[in-house]
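Thanks for coming, everyone. I would like to walk through one model this morning, beginning with the chain as a whole and ending with the place where two chains meet.

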Amino acid sequence: MTEKIRENYILSTLALVFVIFLTGQASLLFAIPPGYAAPLWPPAGISLFALARGGWRYLPAVFLGSFLINYSVRLDYPTDIQLLAPAGIALGASAQAALGAFLIKRLLLIPSGYEHVRILFLLLFLGGPVSCVLNAFLAPSVLLALDQISFDDYSYNVLTWWIGDTLGVLIFTPFMLLCAANNQRKISFKRKAIVCSTLFFLLLVTVGLFKIIFSYESSQKEQYLNSLLDRKAVQIHDEFELYMNTLIALERFINSSDEVTSQDFESFTVKFLEEHSSIKALAWYPRVLHQDRDQFENYIQDQGYESFEIKERIAKGELMRAREQDEYFPIAYIAPYDTNEIALGLNVDGPDGYLGKTLTSVLDKAKETKKPQATAALPLVQNENELGLIIYSPVFDDRYVNRDISDPALRGFVAIVFLVNEVFSDIDIGLPIHAELLITEDYDGGKVLFGSDRVTKLYKDNALDRKYHMLFKTVQEAGSGLNIYLLYDKAQLSLSYGNVWLFMVIAVTFTFLVTMLVFFATGRAEAVESLVEERTSKLETANNQLEEFSYRTSHDLRAPVVSCLGLVDVIEMAIQQGNKKQISESMEYMRETLAKLEQLIVDILNLSKVNHLDERAHEVDIEKLVKNAVDKFTHMEGFKDISFETDLQVKKITTLETRLITIFENLITNAIKYKDPEQEVNIIKIATREEDGDLVISIQDNGIGFPKETEADMFKMFKRFHSDIAYGSGLGLYTVKKSVDMLDGEIIYQKSSGLTEFKITLPMSFTGTSEA
Amino acid sequence: MRVLVVEDSKVDQFLVVTFLENFFEDVTVETANDGLQALKLCDEHNYDLKFLDINMPSMSGFQFLDNLCKHKCESNIIMLSSSLHDEEREKALSYRCVSAYIEKPLKKEHLDVIKSILKEDDGD
């Protein structure tokens, strides 16, 4: 590899990497959020084209370009995957481009050119939909293996990948054709400009419409999802409203008399419990001062709960008699009793060995605000395996309501207990199939109140947005903040933009078809134009030649006639004068002149044969042909003085025989006619040989040759150079040149070591026609 | 009288020479085969009359005139041509040194023209 080629290769590789990266970034304009599935991925087309045209040496560039673009897209991935995933995808992209290029190259072995419509569409089919299947499977497999997508998302990824790459190949095809055809025959700047501007314009329109359609679709969708979220919030609020109302009723009931018994409490609450199954318990926590503790315990025991005492939780499942405090808020009554028996007597204001904290702050807040206050989710004494919420509502003695909080006006708390899972799960809001709800407490480290294991895990890992498109709302219920998340699987949401996908497929296909139409139409127009141009120029040349021919022949034919007329006058006068010498001299001149006239007519006829004789190529015996040509001139003056040397290494050729005869005869007769009288021996060498698969005919002589300054005009019509030596019509070499041109050959004149040479190169097998 | 005949065709040289010898007394005719040879002769001698053919190899009649006029303005040149094209006649007569244009063959009728040219020359 030379320095220059290496430099070019490095430059083109860098350019390719850059273009792949740039078009990849640009195509993210078309990505259908919230995923990054782009329904149009031109790097696929560019890579294919680079390998099909530039060869396998561009594989590293394809890999690098693909790696960089995927690396930039996946920057938020975990570090180890940040490199692995793009590398895997880039490997797939390179393999896919290589496969496409291989298929195309195999097909192009059939020489028909890109412009052939049938071949073209076959190419597109192979390079596009067929080979794009490869990475459509490989890339998502890499992501699946690296655990970046779930198995559910696999098919979605395969589909979007395939569409993106296929459309990318499709849209890049017109460019590909422009460059490819450029190599075979020149494509005008005008045509390139028309095709490219059509493509760019349609792409621009596509981008514009895509943005409009997408933003419309997405706002519709967002609106719909938000309405679902609102509905959920309203439902939760309704549920809490019910609890609040229950608490108010309970508070009023407690305040309705100084002496509410366990039995009263049970019969009052039974109706609520029956109607609302989510309520696990309703309870009354009276305020008991330490000095009244024994009296209170006796009071409850007297109502049939013989083992009653004020208790506290010291560990999971373990309760003991509450340690001494200034005051207690124990559960005096709880309904339904059967399922909550264990909680009876539990002092809510006391230390909790299991929770590791007291609920004092919740109670204080309820006292302060005089409003119901919910706890954070906590394991209940009566069901420690599940999270429950308790809402405490303070009960004040009506008579002391506006006193200080430490005032004995606080009689205690009524509370409602429920399991979080039951409260939030049984309310259906008609979620779409790929959406789910997550409800959490609204504080740092707040617990998940509701949600599937998968989303709970992602929530705890703070990684929800990698997989889900999130909408959320914070609501305040019973003094506590709740976050309601509506989570929509990004991949599925992306796919749910069916209209946008459909639009892109139609728009890109339309763009492709229109651009191709423009490409072919301009090509046809240009072909017609260039054909007309070519024919016109041929006609012009033919016309000019004809004009010159008629001008010259009129002169050259007339000249000998005129001379003869002059000679007749001279003879007439010589007869009158009896000048016999002049008569015979004139007669001799007349004979000579008429012979030249005859020669001219023969030459004109030969030339016309070269142009118009209809003839088919067939195998010609060169040896025989040369012998005949030489024999034809044995009568010529000085022929016997010439030494002919022949060296025919090639003896057969398939060509138009008459034209070949014309070439040999003209060159041999010239060589005889213009021999150098000063040479001791006049030599004419005729040789044939093969060079690069072509036939080379060499006719050399040591004759007078051509003056240097006339060489340029040598093959022009009616050019004579040695009229003092011998007569020539000026058509011989012109006829030779015409014949050589007709046989798709070349003729050059050269001098070397005292010899002049006409070197003719002809194809071994002539495949053209004899049409001029 | 000294005459130069510039003509590549031997026949036409013969015709002009014979014509001059038949119709003029005491005439010396020299011949040149082409323009180059003629230029050389013109350099060496003065001629009373020059017959100049147009179509010649190496140097045509017109090229000869272009070269000749560069050096000195000669007159008494009679162009001879077998062409019937008017353009050629017009071009020939556009040269100041060309006195006449005669279509070949040279005939008795042309004697008057030649003589008048010679007379003009004498009068100068």
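Chain A holds 21 helices and 21 strands, where helices (H or I, at least four residues) and strands (E, at least two) are DSSP runs numbered from the N terminus. Its radius of gyration is 53 Å, well over the 28 Å that the globule rule gives for 772 residues, so chain A is more spread out than a compact globule; that radius is taken over C-alpha atoms, and the rule is 2.2 Å times the number of residues to the power 0.38. The C-alpha trace of chain A spans about 185 × 40 × 40 Å along its principal axes.

Please keep in mind that this is a predicted model, in which local features need pLDDT of at least 70 and side-chain atom pairs count only at pLDDT 80 or more, while totals for chains, interfaces and linings use all residues. Residues are numbered from 1 along each chain as its sequence is written, chains are lettered from A and ligands numbered from 1 in the order in which they are written, and side-chain values use heavy atoms, with hydrogens and water left out.

Of the 772 residues in chain A, 49% are buried, meaning under 20% relative accessible area with a 1.4 Å probe, protein chains only.

Turning to the partner, 22 residues of chain A are in contact (heavy atoms within 4.5 Å) with 20 residues of chain B. The area buried between the two chains is about 2000 Å², with carbon and sulfur atoms giving 59%; buried area is the accessible area (1.4 Å probe) that two parts lose on being put together, summed over both. Which three residues supply more than any others of the area that chain A buries against chain B? They are A:Tyr551, A:His555 and A:Arg558, which supply 28% of that area.

Notes:
Buried < 20%, exposed > 50% of the residue type's maximum accessible area, 1.4 Å probe, protein only.
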